[in-house]
Amino acid sequence: MASFVGTHFLAISAVLSMVLSLSSAVDFNYPAAFNFGDSNSDTGGLIAGLGVELNPPNGKTYFKKPSGRFCNGRLIVDFLSKSRSLYVLLQDLFFWLVDSENLRFGVVDAMDLPFLNSYLDSIGRPNFRRGCNFAAAGSTVLPATASAVSPFSFGVQVAQFFRFKERVLELLANKGHKLDKYIPAEDFFNQGLYMFDIGQNDLAVAFYSKTEVQVVASIPTILLEFETGIKKLYDQGARRFWIHNTGPLGCLPQNIAVFGKDPSKLDELGCDSKVPPQCAVDMEVHH
């Protein structure tokens, strides 16, 4: 753990120093954010959509109870939605990495946007004024199969967004409505930030049933499906995009548990860097 923290401390410190001069040029001062993804950015979608139960230790460090996130604290989307500048974002992520209990060390949050409510979570008067989260854990870019963890694939999430936008515009057209503080203004859809963190499940899960050749061969199809969704959003007026790449597959807990039992195969971050098929696919996707 000490090695992990020390390595990340140095890495994030270096990044912080490099972006300090850019902090005034790059910001996240958008009126709203619309997020699409899997468990890396799900703030309650799968739990609400399927009615499944999420138990501790999920949520224990920040929310003090399960919050719909498959995480012990906050997700990157939570930091993005609250950071008005790239510097503040990286600063927040730095303290998040070095402090396992998510303490703030005196750093003040840049409270720009609230945490994004899940589109599927209708309990407790959800507020979508500053955006909406369509992500659901287990989701894939490709259409879901019968055995998929989540039926809410990328195409479904994009369709949900269109339904969301259509309904918002219908409500806004009703001059007698009193929903301004709960739903986005019409121009928020054009001015908002569209965030994407999906595709990891398409690759990671495939290794348990397909060969390396088959997984690599599926990448163009995955990218085409993703491109199709992006184009649909663009045609609806989306112009500002934040797209996450897939993370190193050898760092996924399930892969470490299966393939990383030999400490000699783990790198300095504790990730399995010795699984040839996964390394090859990492290089293919990131290229």
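Colleague: What should I know about how it was made and numbered?

Modeller: This is a predicted model, in which local features need pLDDT of at least 70 and side-chain atom pairs count only at pLDDT 80 or more, while totals for chains, interfaces and linings use all residues. Residues are numbered from 1 along each chain as its sequence is written, and side-chain values use heavy atoms, with hydrogens and water left out.

Colleague: How many helices and strands does the chain have?

Modeller: The chain has 10 helices and four strands, taken as DSSP runs numbered from the N terminus, with at least four residues of H or I for a helix and at least two of E for a strand. Their order from the N terminus is α-β-α-α-α-β-α-α-β-α-α-β-α-α.

Colleague: And what share of the residues counts as buried?

Modeller: Of the 287 residues, 43% count as buried, where buried means under 20% relative accessible area, exposed over 50%, and partly exposed in between, with a 1.4 Å probe and protein chains only.

Colleague: Which residues touch the most others in the largest nonpolar core?

Modeller: That core has 34 residues, and F34, F36, F161, F164, Y194, F196 and L233 touch the most other members; a nonpolar core here is a set of buried Ala, Val, Leu, Ile, Met, Phe, Trp, Tyr and Cys residues joined through side-chain atoms within 4.5 Å. Among the elements that each supply at least two residues of this core are strand 1 (33-37), helix 5 (154-173) and strand 3 (193-197). A second, separate core of eight residues includes A33, L75, V77 and M195.

Colleague: Strand 1 then: is it enclosed or open?

Modeller: Five of the five residues of strand 1 are buried, so the strand is largely enclosed by the rest of the structure.

Colleague: Which strands does it pair with?

Modeller: Strand 1 pairs in the parallel sense with strand 2 (residues 131-133) over three bridges, where pairing requires that DSSP finds at least two bridges between two strands, and N35 stands opposite N133. Strand 1 also runs parallel to strand 3, joined by five bridges, and there F34 stands opposite Y194.

Colleague: Changing topic, how many aromatic pairs are there?

Modeller: A search of the whole structure finds 25, counting rings of Phe, Tyr and Trp (its six-membered ring) whose centres lie within 6.5 Å, with planes under 30 degrees apart called stacked, over 60 edge-to-face and the rest tilted. One of them is the edge-to-face pair of F128 and F164, at 5.6 Å centre to centre and 75° between the planes, and both of these residues are buried. Another, Y194 with F241, is tilted, at 6.2 Å and 45°, and links strand 3 to strand 4 across 47 residues.

Colleague: Last one, which cysteines form the disulfide?

Modeller: The structure holds one disulfide, joining C251 to C271 with an S to S distance of 2.0 Å, where the criterion is a pair of cysteine sulfur atoms within 2.5 Å. The link is right-handed, with 105° about the S-S bond. C251 is partly exposed at 31%, while C271 is buried at 7%.
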